[in-house]
Amino acid sequence: MEAALGLLRRMPPKQSETALSALLSLIPQHSSDLLSQVDLPLQVLRDIESGKDFILCEYNRDADSYRSPWSNKYLPPLEDALYPSSELRNLEVEANDIFAIYRDQYYEGGISSVYMWEDDNEGFVACFLIKKEDGSKSGHGRRGCLEEGAWDAIHVIQVGPEEEEMAQYCLTSTIMLSLTTDDESSGKFGLSGSIRRQMKMELAVADGHLCNMGRMIEELEGKLRNSLDQVYFGKTREMVCTLRPPAEIVQMRLPDT
């Protein structure tokens, strides 16, 4: 099981679904553990009633149907489906409106969805999702020679029961990044990877759960963004400049004649 999870963590996000399917056929006895611990690139579905897109994941799925955060209905329709309580549903609606503003400010577009449900410890769990695609293939490219790019962010927060006006928050965030370029001067290039981190905090509930969760997501996502920039882009830039140094550096290294 540990070897399988290690292998999936090292697979490019685009190939993770194929790799997971292969592992499920090899070790079917661990299928439940693999499906619960492996994050796949997010998929999107259109809610016809609200006219909005929403993100599909394990956290809004019941059987083969997915619950829309906008209409609170399952697509396709499902009898005896699971729904959050009315109090938690009101919080979920407010969280979707606020997170849409956060998405527009930080990502300049994309799709976001927030889902909430009760847990067994008298608390609740919230899942904040963002999917942003860009590139010439989708017709929305504003990034120069970027042919295709995708950013999938998954933030799952476990909120414990309130004790003396305090609550425990455990945030687990996963970022999946993939991009390809196709330019005559530089040729074709692809970069992909994923990163996961966790943060735990005890915060006062006087400011509200949404405010506390939002601050944690903003802080941890900033750290993940910096890590991706240093690990993936920084190392890639270092390797490219070593293998194919810019013309001015080559000129400087040439001996005087």
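How many nonpolar, polar and charged residues does the lining of the largest pocket have, by class? The lining has 16 nonpolar, nine polar and five charged residues, where Ala, Val, Leu, Ile, Met, Phe, Trp, Tyr, Cys and Pro count as nonpolar, Asp, Glu, Lys and Arg as charged, and the others, Gly among them, as polar.

This is a predicted model, in which local features need pLDDT of at least 70 and side-chain atom pairs count only at pLDDT 80 or more, while totals for chains, interfaces and linings use all residues. Residues are numbered from 1 along each chain as its sequence is written, and side-chain values use heavy atoms, with hydrogens and water left out.

**The pocket**

The largest pocket has a volume of about 810 Å³, and of the 30 residues that line this pocket, the closest to its centre are Leu35, Val38, Asp39, Glu58 and Tyr59. On a 1 Å grid over the protein atoms alone, a pocket is an open set of points where a 1.4 Å probe fits, with protein on both sides within 12 Å along at least five of seven lines, and lining residues have an atom within 4 Å of a point; the volume is the space filled by probe spheres set on the points, which are joined across faces, edges and corners. The largest share of the lining, five residues, comes from α3. Helices (H or I, at least four residues) and strands (E, at least two) are DSSP runs, numbered from the N terminus.

**The cores**

A nonpolar core is a set of buried Ala, Val, Leu, Ile, Met, Phe, Trp, Tyr and Cys residues joined through side-chain atoms within 4.5 Å, and buried means under 20% relative accessible area, exposed over 50% and partly exposed in between (1.4 Å probe, protein chains only).

| Core | Residues | Among them |
|---|---|---|
| Largest nonpolar core | 36 residues | Met116, Phe124, Phe128 |
| Another core, apart from it | 13 residues | Phe54, Leu56, Ile111 |

Leaving aside its neighbours within four places in sequence, Phe128 is in contact (heavy atoms within 4.5 Å) with residues including Ala95, Phe99, Met213 and Ile217.

**The sheet and a loop**

Three strands form an open antiparallel sheet in the order β3-β4-β5, two strands being paired if DSSP finds at least two bridges between them. Because β3 (61-62) and β5 (74-75) stand at the edges with a single partner strand each, one side of each is left without a neighbour in the sheet. Pro77 lies in the loop between β5 and α4, and Pro77 counts as exposed at 75% relative accessibility.
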